[in-house]
Amino acid sequence: MEELRQRVVHSIGTALHRTLGRETTTLPEHTRLFDELGMTSSATLELLLALEEDLDIHVDVEDIERRDLESIGSLADFVAKHAIGGE
Amino acid sequence: MTALDAVAAFLPDRRVPIGDLATQLGLTPGQVRVLHRFHGLSEVCRARPEETPLDLLTAATGALDELRGQEHRVRYVLYARGVPVTTPFPVNPLHELCDRLGLGHALAFTVTHQACASNLLAIDLAGRLLRTDGVPDALALIVAGETVFTQDVRLPPEARVFGEGSGACLVSADGRRDRVLSYVSRQRGDLDQWLPGNAGFAERFAAEYRGLLAGVILAAVERAGLRVDDLALILPHNVNMGSWQRVSRLLRFPSDRVMLHNVPRVGHTFAADAFINYRTALDKGLLEPGDFYLVAAAGYGATFSAMVFEH
């Protein structure tokens with residue numbers, strides 16, 4: 001799971017770069033998606049869908065809570081824990 | 001005790017996939033996917049282009065068989081409305097409806113102050129007016145239903161898409177059918193989207209929404225002298241599936257007892273959700289005599305309301 005989590009973190013940086021158009025691949029994991037990057041709830045959910053596509057995984061989102069979308073690290077935790085396939 | 005003597009609803013037979021509304025709502029393909037995947041939205045009911053709010057209200061009251069022959073008992077007609085403006089001035093569907101129904105003698109007015117939670121406010125208000133008057137056998141007629149009309153409600157949705165439908169109900173001060181056991185309404189003006197300088201309103205609203213809705217539900221249940229487990233059913237407002245699943249978890253209430261049937265196929269019909277969902281629950285046999293159930297509503301402004309009934 002740790003290996004997948006590292007790939008998720010890397011993929012978040014790449015996907016954010018595409019979305020925000022600025023250097024994001026070096027952002028620390030505690031970077032807050034809402035407060036620091038100004039993302040909306042809908043934009044963070046779009047980010048999760050982009051990760052599924054980039055990593056060829058399916059994420060079980062039934063239990064997702066807002067706190068899972070708070071930061072790069074919390075999103076990576078959730079995706080790594082709830083990913084189905086892609087190994 | 002305030003009671004609903006009869007409830008009717010109407011849904012247009014036109015269903016529009018939300019993907020077909022993307023251009024009109026300014027949605028990207030990614031946002032449409034989010035509405036599908038995370039919010040469980042699929043399609044919405046929409047009136048045909050030639051159908052007006054008056055047509056919607058006429059259809060709902062047309063299905064209210066219990067009104068026939070009882071028009072003389074109706075003292076009040078309340079239009080519970082989600083948005084202040086639904087037709088171009090001077091068109092007034094409420095007064096035209098009263099004329100059509102032979103209710104010109106009734107005092108007719110609109111309740112819109114609590115946006116999409118105005119339906120429960122209207123029920124409470126109707127009951128209090130009738131009780132204050134003390135006229136035996138008097139009734140109030142509540143109608144709800146509007147079309148997507150102003151630019152405001154076409155704004156890109158974060159988590160809901162408006163549908164179009166209508167409802168009507170007869171309220172009495174002392175009926176025995178669906179008795180109101182409690183009503184709690186809480187307002188949070190600081191979450192008003194029109195407050196000057198209220199940037200970030202949508203995110204704050206989203207962050208606090210679940211706790212505020214669960215809080216008002218628990219308060220209404222407690223005021224009725226019940227526990228949330230005592231509820232046979234929660235009739236939600238049809239905003240989306242995901243938020244209700246999370247509210248259910250917070251309440252520790254089984255999500256299969258929240259009637260989400262209409263959310264993916266009807267959409268959020270402003271203040272008409274309560275009446276449309278009640279009819280669906282009844283038609284699907286989900287309410288037995290003596291069952292306790294709760295109707296929940298939330299409106300921009302922001303208002304969170306819950307009403308407990310005994311069927």
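Predicted model: local features only at pLDDT ≥ 70, side-chain atom pairs only at ≥ 80, totals over all residues.
Chain A holds three helices and two strands. Read from the N terminus, these elements follow the order α-α-β-α-β. The radius of gyration of chain A is 12 Å, close to the 12 Å from the globule rule for 87 residues, so chain A is as compact as a globular protein of that length.

Chain B has nine helices and eleven strands.

| Property | Chain | Value |
|---|---|---|
| Span of the C-alpha trace along principal axes | A | about 30 × 25 × 20 Å |
| Span of the C-alpha atoms along principal axes | B | roughly 55 × 45 × 40 Å |
| Residues that count as buried | A | 30% of 87 residues |
| Residues that count as buried | B | 50% of 311 residues |
| Contacts at separation 6 or more that join residues 24 or more apart | A | 70% |
| Contacts at separation at least 6 that join residues at least 24 apart | B | 81% |

**Where the chains meet**

Chain A contributes ten residues to the contact, and chain B contributes twelve residues. On the chain A side, the residues that touch chain B divide into four nonpolar, three polar and three charged.

**The sheet of chain B**

Chain B contains an open sheet of nine strands. The strand order is β5-β4-β6-β7-β1-β8-β11-β10-β9, and the pairing is mixed. The edges are β5 (107–111) and β9 (231–235) of chain B; each has a single partner strand, so one side of each is left without a neighbour in the sheet. From one strand to the next, the twist averages 25°.

Strand β1 of chain B covers residues 3–10. In the strand order, β1 of chain B sits between β7 and β8. Six of the eight residues of β1(B) are buried, so this strand is largely enclosed by the rest of the structure.

Both of its pairings are antiparallel. β1(B) and β7(B) run antiparallel and are joined by seven bridges. Within this pair, L4(B) stands opposite V171(B). β1(B) also pairs with β8 (residues 178–187) of chain B in the antiparallel sense, over two bridges. There, A3(B) stands opposite R179(B).

Further along the sheet, β10 (residues 292–299) and β11 (residues 303–310) of chain B form another antiparallel pair, with eight bridges. V295(B) has M307(B) in β11(B) as its bridge partner.

**Helices on the sheet**

Which strands does helix α9 of chain B touch as it packs on the sheet? Helix α9 (residues 273–283) touches β1, β6, β7 (166–172), β9 and β10 of chain B. Its direction makes about 95° with that of β1(B). One of the touched strands, β9 of chain B, is an edge strand.

Helix α4 (residues 93–101) of chain B lies across β4 (74–80), β5 and β6 (139–145) of chain B. This helix runs at about 145° to β5(B). The strand β5 of chain B stands at the other edge of the sheet. In the strand order, β4 of chain B comes between β5 and β6. Both helices, α4 and α9, have β6 of chain B among their strands.

Key
Residues numbered from 1 in each chain as written. Chains lettered and ligands numbered in written order. Helix = DSSP H or I, 4+ residues; strand = E, 2+ residues; numbered from the N terminus. Rg over C-alpha atoms; globule rule 2.2 N^0.38 Å. Buried ≥ 20, exposed ≤ 12 C-beta atoms within 10 Å, placed from the backbone. Contact = placed C-beta atoms within 7 Å. Nonpolar A, V, L, I, M, F, W, Y, C, P; charged D, E, K, R; others polar. Pairing = 2+ DSSP bridges. Axes fitted to C-alpha atoms, helices over the stretch in contact; angles between N-to-C directions.
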